[in-house]
Amino acid sequence: MKNDFAPEPYRIKMVEPLRRTTREERLVLLKEAGYNIFGLKSEDVYIDMLTDSGTGAMSDRQWSALMQGDEAYAGSRSFYKLETVVKEITGYEHFLPAHQGRGAEQVALPYFVKKKGMYFISNMHFDTTRAHVELAGGRAVDCVDEVCFDTERYHPFKGNFDLERLETLILEHGKENIAGIIVTLTNNSAGGQPVSLENQRGVREICDRYDLPYIIDGARYAENAYFIKMREEGYAEKELSAIAKEQFALGDLFLMSAKKDGLVNIGGLIAIKDDEDLFRYCRTRLVPLEGFPTYGGMSGRDMEALAVGLKEGLDFEYQRHRTDQARYLGESLRAAGVPIQYPPGGHAVFVDCKRIAPHIPYDRFPAQAVVNALYVEAAVRGVEIGSFLLGRDPDTGENLESPMEFMRLTIPRRTYTYAHLDHVAEGVKKVHENRDALRGYTFEYEPPVLRHFTARLRPL
Ligand code: F0G
């Protein structure tokens, strides 16, 4: 089976030993963590698939670049290096660094909220993006193509916008009440699913028709470019960098959590095509929120590593292996009858827990039950993306029902091998076989906001 999947395009120069625990130990550790995997210590986890954000391995070239970091407050040489790479990749005129993606969001998004209650429309807002839209006084509406909710059905671009609905939403609310359109590449929240260039062009046409800003939330823009090359007609012969440029050419502003396709452990980017006014606004806000414009929350050595990592993220062999790891894990699970969001996306496999545990109602958190069972079974840490994460209706206080109940198995970059993924798959298969024994959870402690991070649960 492994023969269909790209082998590692690197060799391993340094290793970190992993600690194994017993099932009995894990039962105690999970209880102590309040049945919430965010409360576990990472050393008590064998394979950590909580996130692909800042959890990857840097290359030897990145490590050597670190040594060249210029830690000057103003005018750091490392800033200019990074700026050159960002401008080359995006084709944009302006660049500002940020400490991570949400820092970039906090700096830039309020610019577009000219009056309270204006709407951002996205294929799907990531949690922090939604939070910054709301903190800025705006409202976040998702407008993804319905096909993404049909987990069984193959579609090459399940991250696409529903363009018809996008236009209807703009007309319904009135274009003067729309702050901007946010194109999330890839669509993280529904499975790391890509958006086709045809669809991106459709969004651009609508933005032009109604004179609206086009914002790229491009944490995984390079994975998106890879899927376009592999799946969209007319792109098979193009370089990933050329496809990426085509994506950027459609946008006005690019916000990036560099902890993903930047292949670094911390960092963020703000790049602006040509809007001087927006650039000045961001630069002014950057100083009190993130730092002086030539470091913006990053150290010189971080900027050096990112300048190298951005290029490595656009390497075809790197992306082929990266996305093949997700495909490999996804295919192993599917072959065993485990329901997943199909096809698997770029950074993770999303296990469809609504179908694994239909006997657990949404407000007893079926996906959390699967996540916890997997930790006990195999010392693998996945994460719930469902009703536990979604929270409550601020008006009624009722638990909101998520359209999907996922366990996300997120793959850190260049960190685990196919053998590790076999271990993960075996664990999930066991949990799936014993699915009738899964039980839901209720709260022992529930924080008022972003509850999933610090809540404590009790099994029913
Ligand atoms: N946008 C997207 C699409 C993301 O996936 C993330 C982070 C952010 C913005 C925010 O960036 O974490 O650097 O502040 N996603 C991580 C995840 C946390 O686990 O999916 P950040």
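**The ligand and its surroundings**

Guide: Let us begin with a contact: in this predicted model, a polar side-chain atom of glutamine 100 is 2.8 Å from an oxygen atom of the ligand.

Visitor: How much of the ligand does the protein bury?

Guide: One compares the area of the ligand taken alone with the part that the protein covers. Alone, the ligand exposes 470 Å², and the protein buries 94% of that.

Visitor: Which side chains have an N or O atom 2.9 Å from a nitrogen atom of the ligand?

Guide: Aspartate 217 has an N or O atom of its side chain 2.9 Å from a nitrogen atom of the ligand. For lysine 260, a polar side-chain atom also lies 2.9 Å from a ligand nitrogen atom.

Visitor: Which residues around the ligand come nearest?

Guide: A residue counts as near when one of its heavy atoms lies within 4 Å of the molecule. There are 16 residues around the ligand, and those that come nearest are Thr51, Arg102, Ser257, Lys260 and Arg408. Helix H4, residues 101–108, gives the most to this shell, with three residues.

Visitor: How do the residues of the shell divide by class?

Guide: The shell around the ligand has eight polar residues, seven charged residues and one nonpolar residue.

**A pocket between domains**

Visitor: Why does the second largest pocket lie between domain 1 and domain 2?

Guide: The pocket lies between them because both domain 1 (2–52 + 315–454) and domain 2 (60–312) give residues to its lining. Helix H2 (60–66), helix H11 (300–312) and helix H12 (316–335) each supply at least two lining residues. By class, 17 residues of the lining are nonpolar, 15 are charged and eight are polar.

**Enclosed cavities**

Visitor: How many cavities of 30 Å³ or more does the structure hold?

Guide: A cavity, unlike a pocket, is a space from which the probe cannot get out. The structure holds four cavities of 30 Å³ or more. In the largest cavity there is about 60 Å³ of space. Asp52, Met58, Lys260 and Arg413 are among the residues that line the largest cavity. Its lining comprises four nonpolar, four charged and two polar residues.

Visitor: Which residues line the second largest cavity?

Guide: The second largest cavity, with a volume of about 40 Å³, is lined by residues including Asn36, Phe38, Val383, Phe388 and His452. Strand S11 (383–385) and helix H15 (387–390) are the elements that give two or more residues to this lining. Five of the lining residues are nonpolar, three are polar and one is charged.

**Backbone geometry**

Visitor: Which forms of the backbone occur in most residues and peptide bonds?

Guide: Most peptide bonds are trans, and most residues other than glycine have a negative phi. In this model, the bond from leucine 185 to threonine 186 is cis, with omega near -20 degrees. Threonine 186 lies in the loop between strand S5 (178–184) and helix H7 (197–210). A cis bond also joins tyrosine 342 and proline 343, with omega about -5 degrees. Proline 343 belongs to the loop between H12 and strand S9 (348–352).

Visitor: What is the phi of phenylalanine 365?

Guide: Phenylalanine 365 has a positive phi, near 60 degrees. This residue is in the loop between helix H13 (353–356) and helix H14 (366–378).

Methods: Residues numbered from 1 in each chain as written. Predicted model: local features only at pLDDT ≥ 70, side-chain atom pairs only at ≥ 80, totals over all residues. Heavy atoms only, no water. Helix = DSSP H or I, 4+ residues; strand = E, 2+ residues; numbered from the N terminus. Nonpolar A, V, L, I, M, F, W, Y, C, P; charged D, E, K, R; others polar. Domains from an automatic or database assignment. Polar contact = N/O pair within 3.5 Å; in protein donor to acceptor, adjacent residues only side chain to side chain. Areas by Shrake-Rupley, 256 points an atom, 1.4 Å probe, with all protein chains shown as cover. 1 Å grid on protein atoms, 1.4 Å probe; cavity = no way out; pocket = protein on both sides within 12 Å on 5 of 7 lines; lining within 4 Å. Points joined across faces, edges and corners; volume = space filled by probe spheres on them.
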